[in-house]
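Colleague: I would like to learn how to read ring pairs and sheets in a model. Please take me through an example.

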Amino acid sequence: SLFTGHKDGGTIVHYWLTIGGILGCNKNGDCTYVEECTNNGLVGVSVNGKATGRGSASGGIVGLLYAGESKIDGCINNGYVCNHNYNNNTKAAVTSTGTGLAGGIVGDALGASGKLVTITNCQSNCQGGPSTYSTRIFLDIKGYAGVGVFGLRGINGGLAGYCSYANVTNCTTKANVYQHQNAYVGGAAGRFDYSTLEGCTVNAQSIKTNSNNVAGAGGLVGYTTNSTLSNNIFNSAITGTACTAYGVLAGEVGNATTITDSKVKGTLYNAAITLSTAMVGKGTPTVSGTTLYTE
């Protein structure tokens, strides 16, 4: 699957580009169920030139779930996911301001209070980027061998780019995630608001940041607020150029977030993770029960 956008006389005419290995986008308020599906294809958005007001959501299974009580269950993505969008906006709302989002399972999961998006028992296995493709979307990124989720800018993660009012449970990701610059990146999710991450495993080789202006990088989530993260495993490495806020579990944390019973192993910018390593880069969540992971 590949969608590179549409221009009319050099002007981009789509404000939101959404693409998924199985489903690109559901309608506003629809209850959508995607179950027991597998994607092996390339999924990517590429738009040329910087422009505020252009959003994109790329997901290995679903691009965008919007304002409905939806579910992704038992799905597997083996395909490469690319967010090649120059928009600098860090917000993930589906509005005219836009941003770029990419996730191994879903690019943008937007539930609502009382209408949660559920993502359960899914696997994000995408580890290999393209090496021979000549289309525009891959020209700048062919050198990043082994990257499974590529983010030029915006919000990107091994399972999801952005989650709001979502429950993500019993999922695993082996996707190596690359963040070129700007906004947030996480082993499981780039940004995670009013949501639950439980029983999930990040087992990638690396989550890599390539610029010190990346706002936040975390082994589980790049940024989170008003959320609960419990019984998750981080067994990977955060590498590259140290960014603004980084931590083994979360890069930046806003309000009312609890992180409990995490198991951790790997490296944080080339230093072996210990229990004294910074688990959160910025913010003061409730963190308890963190132990070293032993296989």
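Modeller: We can begin with the rings. The structure holds 4 aromatic pairs. This is a predicted model: local features need pLDDT of at least 70, side-chain atom pairs count only at 80 or more, and totals for chains, interfaces and linings use all residues. Residues are numbered from 1 along each chain as its sequence is written, and side-chain values use heavy atoms, without hydrogens and water.

Colleague: What counts as an aromatic pair, stacked or edge-to-face?

Modeller: Rings of Phe, Tyr and Trp (its six-membered ring) pair if their centres lie within 6.5 Å; planes under 30 degrees apart are stacked, over 60 edge-to-face, the rest tilted. Phe150 and Tyr178 are stacked, at 5.3 Å centre to centre and 15 degrees between planes. Phe150 sits in strand E17 and Tyr178 in strand E22, 28 residues apart. Strands are DSSP runs (E, at least two residues), numbered from the N terminus.

Colleague: Are Phe150 and Tyr178 buried or exposed?

Modeller: Buried means under 20% relative accessible area, exposed over 50%, partly exposed in between (1.4 Å probe, protein chains only). Both Phe150 and Tyr178 are buried. Tyr246 and Tyr269 have ring centres 4.7 Å apart and planes at 80 degrees, so that pair is edge-to-face. Tyr269 is buried at 15%, whereas Tyr246 is partly exposed at 30%.

Colleague: In what order do the strands of the open sheet run?

Modeller: Two strands pair if DSSP finds at least two bridges between them. Here 8 parallel strands run E4-E9-E14-E19-E24-E29-E33-E37. E4 and E37 are at the edges, each with a single partner strand, so one side of each lacks a neighbour in the sheet. E19 and E24 pair over 4 bridges.
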